[in-house]
Amino acid sequence: MDIECNLRHVRERIAQACVRVNRSPEDVEIVAVTKYVSLATTQAAVKAGIRHLGESRTQDAIPKWNALGADAAVWHFIGHLQTNKVREMIGRFPYVHSLDRLSLAQELNKRGSAAGVTTKCFLQVNISGEESKNGLSPEEASDFLHAVQDLTHLEVIGLMTMAPYTENPEETRPVFRGLRELRDRLQEQNIPNASLTHLSMGMSNDYEIAVEEGATFIRLGSTLVGDERE
């Protein structure tokens with residue numbers, strides 16, 4: 001796995017997608033999804049110049065964080081986060097991409113207050129409506145943001161979604177466009193503590209479409225760092 005080569009290739013494709021829609025590639029951050037690779041591969045990703053790392057299971061994430069430390073990268077928790085695991089994540093992972101319920105928001109705020117840190121969160125929205133995916137429905141998003149507006153130790157910086165896997169990435173466009181349009185409508189409400197500046201969307205098979213539709217964070221695993229599951 002030549003991560004440096006993969007990274008160059010990904011950046012080239014991001015740049016091409018940005019040209020098509022008159023965006024700057026500098027507005028798109030790449031999160032390397034390292035949940036299915038070893039510590040050694042994660043270290044290689046950092047050495048290759050990857051700045052953002054994404055993990056989704058605490059049992060894997062914490063040992064990697066302990067080995068590499070806070071300064072190695074910007075750490076993102078991108079998977080379903082159990083409330084009872086928040087204590088382990090606070091202070092280690094400044095970004096959480098999977099805020100999907102009030103109890104989690106309250107726990108993040110409580111633990112953040114005790115630790116003196118504010119967590120940057122993406123509200124997870126199930127745009128596609130698939131039963132297998134977590135997240136609020138688009139209709140629930142506004143009420144949720146109002147419900148958490150006074151939680152001062154978390155900041156909802158954007159929305160996150162996952163599109164259905166499809167052989168034709170173009171089929172994911174309505175999902176990504178739907179998230180962007182929802183974000184735009186929510187921004188018009190000027191809800192306190194919800195800047196909603198960012199969109200976390202796009203994975204290895206569909207990230208170019210996501211970039212064309214406004215993604216500011218894309219989450220790449222297999223196409224960037226591989227998959228070492230047996």
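Trainee: Which way do the side chains of strand β8 point?
Mentor: This is a predicted model, to begin with. In β8, residues 217-220, Phe217 and Arg219 point one way. Ile218 and Leu220 point the other way.

Trainee: What sense does β1 pair with β8 in?
Mentor: Parallel. Strand β1 covers residues 29-33, and the pairing runs over four bridges.

Trainee: Which residue of β8 stands opposite Ile30?
Mentor: Ile218.

Trainee: Switching to rings. How many aromatic pairs are there?
Mentor: A search of the whole structure gives four. Take Trp75 and Phe93: the ring centres are 5.6 Å apart and the planes are at 65°, so the pair is edge-to-face. The cut-off for that class is over 60 degrees.

Trainee: Where do Trp75 and Phe93 sit in the chain?
Mentor: Trp75 is in strand β3, residues 74-77. Phe93 is in the loop between α4 (86-89) and β4 (95-99). They are 18 residues apart, and the pair links distant parts of the chain.

Trainee: Why does Trp75 count as buried?
Mentor: Its relative accessible area is 1%, and buried means under 20%. Phe93 is at 2%, so Phe93 counts as buried too.

Trainee: Which residues make up the aromatic cluster there?
Mentor: Trp75, Phe77 and Phe93 form one cluster.

Trainee: Back to Phe217. Why is its pair with Phe122 called edge-to-face?
Mentor: The planes of Phe122 and Phe217 are at 75°, with the ring centres 5.6 Å apart, so the pair is edge-to-face. Phe122 is in strand β5, residues 119-124, and Phe217 is in β8. That is 95 residues apart in the chain.

Trainee: What are their relative accessibilities?
Mentor: Phe122 has 0% and is buried. Phe217 has 3% and is buried as well.

Trainee: Where do charges sit over rings?
Mentor: The charged end of Arg92 is over the ring of Trp65, 5.0 Å from the ring centre. Arg229 lies over the face of Tyr36, at 3.6 Å from the ring centre.

Trainee: Where is Ile62, and is it buried or exposed?
Mentor: Ile62 lies in helix α3, residues 58-68. Ile62 is buried, at 10% relative accessible area.

Trainee: Zooming out, how many helices and strands does the protein have?
Mentor: Eight helices and eight strands. The radius of gyration is 17 Å, close to the 17 Å that the globule rule gives for 230 residues, so the protein is as compact as a globular protein of that length.

Trainee: What box do the C-alpha atoms fill?
Mentor: Roughly 45 × 40 × 30 Å, along the principal axes.

Trainee: How much is buried, and what of the surface?
Mentor: Of the 230 residues, 50% count as buried. The accessible surface comes to about 10,800 Å², and 45% of that belongs to carbon and sulfur atoms.

Conventions. Residues are numbered from 1 along each chain as its sequence is written. This is a predicted model: local features need pLDDT of at least 70, side-chain atom pairs count only at pLDDT 80 or more; totals for chains, interfaces and linings use all residues. Side-chain values use heavy atoms; hydrogens and water are left out. Buried means under 20% relative accessible area, exposed over 50%, partly exposed in between (1.4 Å probe, protein chains only). Helices (H or I, at least four residues) and strands (E, at least two) are DSSP runs, numbered from the N terminus. Two strands pair if DSSP finds at least two bridges between them. Rings of Phe, Tyr and Trp (its six-membered ring) pair if their centres lie within 6.5 Å; planes under 30 degrees apart count as stacked, over 60 as edge-to-face and the rest as tilted. A charge sits over a ring if NZ of Lys or CZ of Arg is within 6 Å of the ring centre and within 35 degrees of the ring normal. The radius of gyration is taken over C-alpha atoms; the globule rule is 2.2 Å times the number of residues to the power 0.38. Accessible areas come from the Shrake-Rupley method with a 1.4 Å probe; for residues, only the protein chains shown count as cover.
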